[in-house]
Every structure is written in C-alpha cells, then in structure tokens.
Amino acid sequence: MSSEALVRLAEERVDHRFKGLPPDADGLTVGELAAQRRNLFTDAFPTPVLALSAERLEHNLALMETYTVRHGLAFAPHGKTSMAPQLFHRQIEHGAWGITLAVPHQVRVAREFGIQRVFLANELVDAAALRWIGGELAADPGFRFVCYVDSVRGVELMDAALEGCPRPVDVVVELGAGDGARTGVRTEADARAVAEAVAGTATLRLVGVAGYEGEVPQADPERVRSYLRRLVALAAGLDGAGLLKDAEEIVVSAGGSAWFDAVADTFAGIPALSLPVLKLLRSGAYVSHDDGHYRRITPFTRVPEEGALEPAFRLWAQVVSRPTPEQAFANAGKRDAAYDLDLPAAQVVRRDGVERPADGITVTGLSDQHAWLRTEPGAELEVGDWIGLGLSHPCTSFDKWQLIPVAEADGTVVDYIRTFF
C-alpha cells in the first residue's frame with residue numbers, strides 16, 4: 001500500500017489548490033514538475049512560497065538517527081509536526097521504529113501510506129475510531145499500535161467499543177507531569193488502578209508506561225529528571241506487580257523536542273525488568289527544526305558535542321509596499337507563516353539574483369496576508385525585492401502548505417512534500 005500511495009502522490013496534478021507553485025505548471029503531475037528541476041528564484045514560482053532545504057532536511061534526519069543509536073533509544077518521531085507521509089518514510093529509512101501520532105485521522109493517513117508501527121500519544125475513547133483500529137489490527141498481523149490510557153472510565157469505554165475484536169489493543173499508562181499539567185494519571189495509585197482495569201479486559205493489553213516531560217510545570221533539568229525517574233519507577237512497579245506479564249516487551253516512552261537529553265540520560269538507568277525494554281523517544285520538531293522557539297530550547301545547545309540541528313524552512317515573500325522610510329510590507333502573513341510562538345525573522349533579501357543579509361529589517365506583525373516590516377536607517381529594501389523569512393514552530397508552519405518545494409542551496413527544486421492536515 002505504501003509504495004502505491006506514494007506513487008499516487010507523484011501522479012497528482014498541479015493546479016489552483018497548491019499555492020506558491022508556478023502557474024504554468026498547471027496540468028503537470030507533481031512528479032513531472034519535480035523532474036523539471038526548476039529554480040525557486042528564476043522559474044516562475046510566485047510569492048509567497050515556503051521551501052524546505054534539501055541539505056538541511058537530510059542533515060537533521062541523519063543527526064537524530066545517530067543520536068538515538070548512540071543512546072540506545074528506539075525512535076518514533078511525532079508525525080503531527082509534518083503530517084507528510086514522504087517524510088514519515090524518510091524518518092523510518094533513517095532508523096525510526098515507527099511514527100507517533102495524536103488523533104485517529106492522523107493514524108488513517110499513516111496507514112494509507114503503509115506505516116506499520118504507530119504510537120498514539122493520546123487517550124483514545126471514540127468508539128468509531130477504536131472499531132476502525134480494531135479492524136486494522138485484525139486485517140494486518142504486522143500492524144503494531146500502542147495508545148495511552150489514564151482512567152478506569154476510559155478503559156471501560158475502550159473495552160466496550162472493542163468487544164469482539166480478535167486482537168487486543170496495546171496500551172500504556174500515561175503518567176501526568178504534575179499538578180496543572182495536561183493528561184495522565186496524577187498518582188501512582190491511580191496508575192495502578194488503571195493498570196488493573198486493563199488487566200480485567202480481554203480487549204486491551206498493558207505493555208508499559210509513557211508521559212510527556214515537556215508538560216512538567218516550571219520545567220528545569222532537575223524537575224524534568226525527577227518526573228522521568230517517576231516514570232521509570234512506575235514501569236518497574238507495574239512490572240513487579242505482574243501487570244505487564246502479557247506484553248512482548250515493556251514500553252517506556254517520553255521525549256518531546258526540548259528535553260530529549262534528559263530522557264536519554266534517565267532511560268539509560270532503567271533497571272533490568274522481566275522483559276526487554278523498548279526505550280521509545282518521540283521528538284518530532286527536529287525534522288525541519290526552526291529559527292525561533294526550537295532553536296532556543298533544543299538540547300543540542302546544552303550538549304553541543306552531540307551535534308546541531310539546522311533550520312530547514314524558509315518562507316519567501318515579496319516586498320509589495322514601501323510607504324515610508326521606516327516601514328515596508330511583504331505579501332506573506334498569518335495564512336502562510338507560523339506566528340503562535342514567535343513572529344518570522346527577516347534573514348536575507350534577494351534582488352536581481354544577489355542575496356544579502358536582511359540587516360536592519362524586522363518583522364513587527366502579521367496581518368492575514370501581509371508581513372509588517374520595520375526598516376532601520378540605512379536598510380536597503382525596495383518594492384519587488386524578495387525577502388527570506390525564518391520561521392518558529394514547525395507544527396504550525398507545515399500545516400499552512402499542502403505542497404512544499406524541497407530546494408537545494410542554489411534554488412534547484414528537487415522534490416515536493418505533500419501534507420495532510
């Protein structure tokens with residue numbers, strides 16, 4: 001299914017649905033357009049257009065592969081970041097165990113493109129979605145699916161929806177990251193009650209524990225590590241109580257994009273349990289990285305000897321108005337750029353094929369279709385110039401573009417990434 005579905009992506013016709021693509025490409029398939037190897041700057045791509053760096057994308061994929069191998073971690077990068085099956089497959093080619101997802105629709109996308117291992121980092125109590133999952137498990141013996149549970153009521157709803165399904169659904173108890181945090185049981189006693197409820201069903205199989213250290217209140221290295229130690233202790237406690245005896249391996253999972261160094265360190269100390277342990281990291285933002293939030297919080301700033309991720313996104317817009325010496329406007333806005341964590345950052349200006357730093361130019365705000373630019377004295381910027389913007393937060397950058405050119409450093413577009421949000 002995966003190869004056929006990926007082939008169909010290349011056979012999709014380019015038309016008005018896909019912004020930022022050359023108007024004269026209408027009617028071509030995506031594969032035909034990619035084969036033309038057009039240049040992003042000289043071959044009729046209109047602005048705004050979001051591009052991924054081919055070289056930086058490959059660098060990031062390879063870096064996290066070597067990092068997880070070095071630390072003895074399995075890797076299920078969070079697919080909600082990109083919702084791009086082509087990238088899912090590249091992540092798996094770079095050693096990923098599987099793909100993490102958050103909601104049933106995302107699982108349907110992954111299954112359509114042949115993803116065989118899915119970790120759903122969320123509770124799942126929707127009866128229709130559970131029955132569909134049960135059907136997928138019954139139809140494909142090679143499909144591995146794991147999701148969270150954090151309440152006895154949730155276990156009861158799952159059990160009722162899955163009645164009659166021939167394969168049990170694997171679940172992990174989610175341990176909440178503290179008072180006021182997001183989902184997950186708040187106490188070890190609650191975790192034990194949920195685990196015992198799972199043991200009382202024929203439709204579910206308890207295989208481990210999971211959590212998200214990024215939700216630790218007032219997170220700092222010690223608070224995060226303290227929470228992760230609780231998670232490891234919970235796994236050991238449930239194992240010691242015989243509540244994981246039906247698992248083939250014990251799953252212990254954590255890891256967003258801010259504290260995976262703490263996860264690696266803590267998981268290295270997981271004691272011997274009754275079964276092999278799958279130490280599953282879920283960081284997802286690495287695939288494109290960014291020029292804002294994740295650049296600031298990535299653990300690679302704390303452990304530079306491990307390497308460095310590189311921001312792979314750049315949004316190209318064009319200056320359309322220069323009403324005063326202190327102000328200019330470009331034709332990209334909230335419909336095109338992530339803005340929930342940081343505003344875009346002006347990086348470079350292109351004019352007549354020459355690229356230079358965007359010195360003295362700052363994005364001060366976004367309208368729906370305009371970027372507000374403040375220009376300092378001496379900043380050289382004219383109507384018609386292209387301006388390259390760095391973005392913050394990959395998750396809300398990918399979701400604004402259905403088809404994203406992948407460009408080499410000289411602007412040659414070598415691929416197009418299709419997203420499904």
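In which loop does Pro48 lie? Pro48 is found in the loop between helix H2 (30-35) and strand E1 (49-53), where helices (H or I, at least four residues) and strands (E, at least two) are DSSP runs numbered from the N terminus. The model is predicted, so that local features need pLDDT of at least 70 and side-chain atom pairs count only at pLDDT 80 or more, while totals for chains, interfaces and linings use all residues. Residues are numbered from 1 along each chain as its sequence is written, and side-chain values use heavy atoms, with hydrogens and water left out.

Ala44 is partly exposed, with a relative accessible area of 40%; here buried means under 20% relative accessible area, exposed over 50%, and partly exposed in between (1.4 Å probe, protein chains only).

A positive phi also occurs at His393, a residue other than glycine, with a value near 80°. His393 belongs to the loop between strand E16 (386-390) and helix H12 (395-398). With a relative accessible area of 13%, His393 is buried.

The pockets come next. A pocket is an open set of points, on a 1 Å grid over the protein atoms alone, where a 1.4 Å probe fits, with protein on both sides within 12 Å along at least five of seven lines; its lining residues have an atom within 4 Å of a point. A volume is the space filled by probe spheres set on the points, which are joined across faces, edges and corners.

The largest pocket has a volume of about 590 Å³. Its lining comprises 29 residues, and Lys80, Arg182, Tyr212, Gly256 and Tyr294 are those nearest its centre. Strand E4 (117-123) and helix H11 (293-297) are the elements that give two or more residues to this lining, and H11 gives the most, with three residues. By class, the lining of the largest pocket has 12 nonpolar, 12 polar and five charged residues. Ala, Val, Leu, Ile, Met, Phe, Trp, Tyr, Cys and Pro count as nonpolar, Asp, Glu, Lys and Arg as charged, and the others, Gly among them, as polar.

The second largest pocket has a volume of about 370 Å³. Of the 20 residues that line the second largest pocket, Ser53, Arg314, Trp316, Glu408 and Ala409 lie nearest its centre. Two or more residues of this lining come from each of E1, helix H3 (54-70), strand E10 (313-324) and strand E12 (345-351).
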